[in-house]
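Me: Please show me the sequence and the structure, and then let us go through some questions together.

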Amino acid sequence: MESLARGGTRWKRFAVVMVPSVAATAAIGVALSQGALAASFSVSGQQFKVATDRLDGTGFVQYGAVDAQKDGKQIPVAVSAFSSAKIKNLCQSVVVPVPVFGDVSMVLRAGGGKPVEAKNLYIDLDQLNADATFKNINIGVAAGSTSKGPGIKKGDKTDPGSFAQEADSATLTGVKQTAWATTAGTFKLSGLSMKVTKGKNECY
């Protein structure tokens, strides 16, 4: 099968968990300039949506893990990580239900001109749709033995011997995904804008 071959590999429109992620968001409300984020934290009870035209990343790795909400509920996720990434036309949205008032949407956009740039970027997701091309991909590597990307994130609940995949680089286009959390060493958003509106107004 083409997807098991070493070298350049193209996978068309994935819609499953264990696939590479655009990995190009930060939770709305966190600092959006350079700076380290917490390595381990309780996730909120809400997912957020992300769309982007294109991501070019180097040093890719992906493995399975479990996120924990504040109330202790466990959420299975695929953690996708890049040593570095450049993202074109990033959109991130989250809908917050407000008692009495109704739904409130927060939408963040960046990278319409100069691409968004990130380093040591991790994203915990449970769905992704995209076209993807990988260079020198290894599928079925033990999570604790990956060497092409930034490795397992400190604090992640995962088995070092479990399934993982890695690649020298990855290019994703037409990305649509849902995620629970993101952390990054640096996250630089050019042309950043954020809008809050009443109702449900999402990236897709």
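Me: Are C91 and C203 buried or exposed?
Reply: This is a predicted model in which local features need pLDDT of at least 70, side-chain atom pairs count only at pLDDT 80 or more, and totals for chains, interfaces and linings use all residues. Residues are numbered from 1 along each chain as its sequence is written, and side-chain values use heavy atoms, with hydrogens and water left out. Buried means under 20% relative accessible area, exposed over 50% and partly exposed in between, with a 1.4 Å probe and protein chains only. By that rule, C91 and C203 are both buried.

Me: What is the handedness of the disulfide of C91 and C203?
Reply: A disulfide is a pair of cysteine sulfur atoms within 2.5 Å, and the sulfur atoms of C91 and C203 are 2.0 Å apart. Because the torsion about their S-S bond is about -85 degrees, the disulfide is left-handed.

Me: How many residues apart are C91 and C203?
Reply: Strands are DSSP runs of E with at least two residues, numbered from the N terminus. C91 lies in strand β3 (residues 74-98), whereas C203 lies in the segment after β7 (193-198), and the pair, which links distant parts of the chain, is 112 residues apart.

Me: Why does K119 count as exposed?
Reply: K119 has its place in strand β5 (residues 116-142). K119 counts as exposed because its relative accessibility is 52%.

Terms used. Helices (H or I, at least four residues) and strands (E, at least two) are DSSP runs, numbered from the N terminus.
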